[in-house]
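Open the model in your viewer and keep the selection tool at hand. Each stop below says what to select and what is there.

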Amino acid sequence: MGYMLEIKNISKTFNKGTINEKRALNGVDLNLASGDFVTIIGGNGAGKSTTLNAIAGAWYVDEGQIIVDGTDITRLSEHKRAVYLGRVFQDPMTGTAATMSIEENMAIASRRGAHRGLRWGIAKKEREEYRRQLGELNLGLEDRLSSKVGLLSGGQRQAITLLMAAARKPKLLLLDEHTAALDPKTASKVLEISDKIIVEHGLTAMMVTHNMKDAIAHGNRLIMMHEGRIIYDVSGEEKKKLHVSDLLAKFEEASGDEFANDRMMLG
Amino acid sequence: MIADYFMSLDPLALLRAMPGTAAQGIIWGFMALGVYITFRILDFADLTVDGSLATGAAVAVMLIQGGMSPALALVFSVLAGMAAGLVTGIFHTLLGIPGILASILTQVSLYSVNLGIMGKSNQGISLTQQGLVASSRYVTGGDSAFFFLKLILFCLILVGIVYWFFGTETGAAIRATGCNPQMARAQGINTNYTKVLALMISNGLVGLCGGVLAQYQGAADVNMGRGAIVIGLAAVIISEVIFGKLCAGKRIAFAYTLAAVFIGAILYYVAYALVLWLKMPSDYMKLFSALVVAVFLAVPYLKGRRAVRKGA
């Protein structure tokens, strides 16, 4: 059986040939089986978000190949590969259109990859479906379908972005530090919703996080990145047994840095 | 002195000027609607309009001179405006030129194009021309009420079409592009396509405005679009200041907002007529318009800054 995601030796250097040259990805290799939920940790500039951006197509990689469920997307533009992907961003503002209503945002997401023509932007029966999905969030949003998303809190916006990302069952869900901008209580609620959506739809997912406890508690696999490479990859029972101290030790080993804890946390 | 000045002002003259003022305001409303689409919906300051207005006018006048019916000529005014929008869109999306600069490049090129279309700097329509869609003759004539009725009906239809379009899947994609292009791309929307499309629709309306305006004035002039963007912005901003709160929260708030743009344009021309009536030199009108727009654009920003400072 093929992989849901194959990343083959991708590299990316920003500002090549200038004083700000930065080798952000340095030969990343990664294969995800269908249904894998991998959490990604690492210090500042390790290449976690850069890896997700490479998959999403924010820019093209310099070398290597990205294959989603057998389709090579390495040279596809961002909006074309969006068909295969669901994305949630660190900034709650990024994932939704603030001046549009909740239902309009969801209707746009539910047409991801479909032809957008001159039919009315939202059909009647869709509304009922959105109401049901919003109801399951338990955030009191099911009666606010026509409210502008800009009026909602960061947590509510992330929850809606999650529903939008899961619409049309993407091949791959990319969560880029999507709880980092939220208060702890909201963050854990959004994580809970993320878990639920991933299980319910049987999604393959990648989640970048700075919280090592979250990285251990969620998903079936964990990778640590350092200087644009994957330096640690653990899954199954072995991952379940991990402690934060193990991860810190790994990080110290990789970076030769006794202040690893601070570096990881601040990154 | 002052008494003499006031004595010299004739209230009836102002009243007599009103129908013409209103007609011009409504016609410029087509253009303001186009400006609303780029400036507010797409979040793109499109200066193409200063050129595409005259292009729409030039095309209409030349075709009418050539024997085409004035109504049909307007179709080509719209197409010419859309072509101008397409050029700006290509400069911006395919060639990566910053939006405002891309639109200035088109605007400057259009000056030459418009001269080329007309062969000289202005061209008139024969005084005996029949079947004009709009004309200053109609405003003073016996069926002026019928003319205004037609004009208003046409505006309402236009508002209806624009309202419907931005409610469709394609329209929603354009709105998402203007609001949050990153989100739009993540949802599979080709933001280059939506930007070009919005620019074409907007400039199509501006071309229409040019075509109707040329018929109304009986002539097209290569300079008639100069400063048009400011008039369009003034109309949009006046409508927002006066009707913004009224429109918000209504069921079809967006349709009201679009209709309000026409009223904004009429109010702009009423202010214009008032200034002329007060015997202020019309040379200063552009300065006056630009300052009005600057003030209304600055007020929300300054209010926001004050709120932030108070909060801190």
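Start in this predicted model with B:Ile27, B:Trp28, B:Phe30, B:Met31, B:Leu53 and B:Ile174: of the 71 residues in the largest nonpolar core, they touch the most other members. Such a core is a set of buried Ala, Val, Leu, Ile, Met, Phe, Trp, Tyr and Cys residues joined through side-chain atoms within 4.5 Å; buried means under 20% relative accessible area (1.4 Å probe, protein chains only). Now select α2 (11–42) of chain B, one of the helices that each supply at least two residues. α2(B) gives the most, 14 residues. Helices are DSSP runs (H or I, at least four residues), numbered from the N terminus.

Residues are numbered from 1 along each chain as written, and chains are lettered from A in written order. Local features need pLDDT of at least 70, side-chain atom pairs 80 or more, while totals for chains, interfaces and linings use all residues; side-chain values use heavy atoms, without hydrogens and water.

Next, pick B:Met31. Beyond its neighbours within four places in sequence, its contacts (heavy atoms within 4.5 Å) include B:Leu53, B:Leu205 and B:Ile229.

Move to B:Met200, in α10 (residues 191–217) of chain B. Leaving aside neighbours within four places, B:Met200 contacts B:Met82, B:Gly85 and B:Leu86. Its C-alpha lies 9.4 Å from that of B:Val78, 122 residues away along the chain.

Finish in chain A. Select α3 (102–109) and α5 (154–166). Which residues meet there? A:Ile102, A:Asn105, A:Met106 and A:Ala109 in α3(A) meet A:Ile160, A:Leu163 and A:Met164 in α5(A).

How values were computed:
Buried means under 20% relative accessible area, exposed over 50%, partly exposed in between (1.4 Å probe, protein chains only). Axes are lines fitted to C-alpha atoms, for helices over the stretch in contact, and angles run from 0 to 180 degrees between N-to-C directions.
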